[in-house]
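Please open the model in your viewer and keep the selection panel at hand.

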Amino acid sequence: MSEASGTVRVVVVDDHSIFRSGLKADLDASVEVVGEAHDVESAVRAVTDASPDVVLLDVHLPGAAVPAGSTGGAEVIRRAAPASPATRFLALSVSDQAEDVVGVIRAGARGYITKGSSGAEVSRAVHAVAGGDAVFSPKLAGFVLDAFGAAVGETAQASDELDRLSAREQEVMRLIARGYAYKEVAAELFISVKTVETHVSAVLRKLQLSSRHELTAWANARRLL
């Protein structure tokens, strides 16, 4: 950020050119767009070339090498951040799904706001992130608090909860929470699918959870994956 002018240099990454054009027109004069990109590969190049203060980054971007279970936005951060360590990333997406919010924050984004934000709101968020703050749309802040609660005290609670599970149940729990199918867990642990089903039922009952989705969220929040 230029100390003299207060201008923040930004790269805008979104796969819709009309949205990029509209966003550029709505941003305050103190936000200077120094690059644009439409997919993962072009975004990494743009960030590397321009070394902007902030990247306004869509979460769901096309890309040839986006790992399964990840998003294009998260992949941009992983690949571009090492080449431009001073750059901060601000997710700007239509999605308000918890997994998208948490995934891109885990990758290194400093904030997440929705595309319903006004140009003035986006500009304020850009300046805040450039200054070192974290910014989230109010509706999304709870997802982040839930997901990262382990950093402020849930580790001990996780230990107590894990004590309820046998060693085998803990193995099954971690694999299921990582997205393994029952057959894959059975093959990994050299047990039958029926035994896997029995262990999963026991895990859910002991942890007072009702689904695999809740189990994944529970394990993520406690840094168990």
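Select S95 in this predicted model and display its contacts (heavy atoms within 4.5 Å): leaving aside residues up to four places away in sequence, S95 touches H60, D100, Y112 and T114. S95 sits in the loop between β4 (88-93) and α4 (98-107), helices being DSSP runs of H or I with at least four residues and strands runs of E with at least two, numbered from the N terminus. With a relative accessibility of 9%, S95 counts as buried, that is, under 20% relative accessible area with a 1.4 Å probe and protein chains only.

Residues are numbered from 1 along each chain as its sequence is written. Local features need pLDDT of at least 70 and side-chain atom pairs count only at pLDDT 80 or more, whereas totals for chains, interfaces and linings use all residues, and side-chain values use heavy atoms, with hydrogens and water left out.

Next, select V13, V55, L57, V76, I77, F89 and V104, which have the most contacts inside the largest nonpolar core, a set of 25 residues; such a core joins buried Ala, Val, Leu, Ile, Met, Phe, Trp, Tyr and Cys residues through side-chain atoms within 4.5 Å. Its largest share, six residues, comes from α2. Centre on V76, which touches V40, A43, V44, L57, L61, A81 and F89, again not counting residues up to four places away in sequence.

Finally, select α5 (residues 119-130), whose buried residues are G119, V122, S123, A125, V126, V129 and A130. Viewed down the axis of α5, these fall within an arc of 160 degrees (taken from the directions from the helix axis to the C-beta atoms), so they line one face of the helix.

Methods: Expected span 1.5 Å × (residues − 1). Buried < 20%, exposed > 50% of the residue type's maximum accessible area, 1.4 Å probe, protein only.
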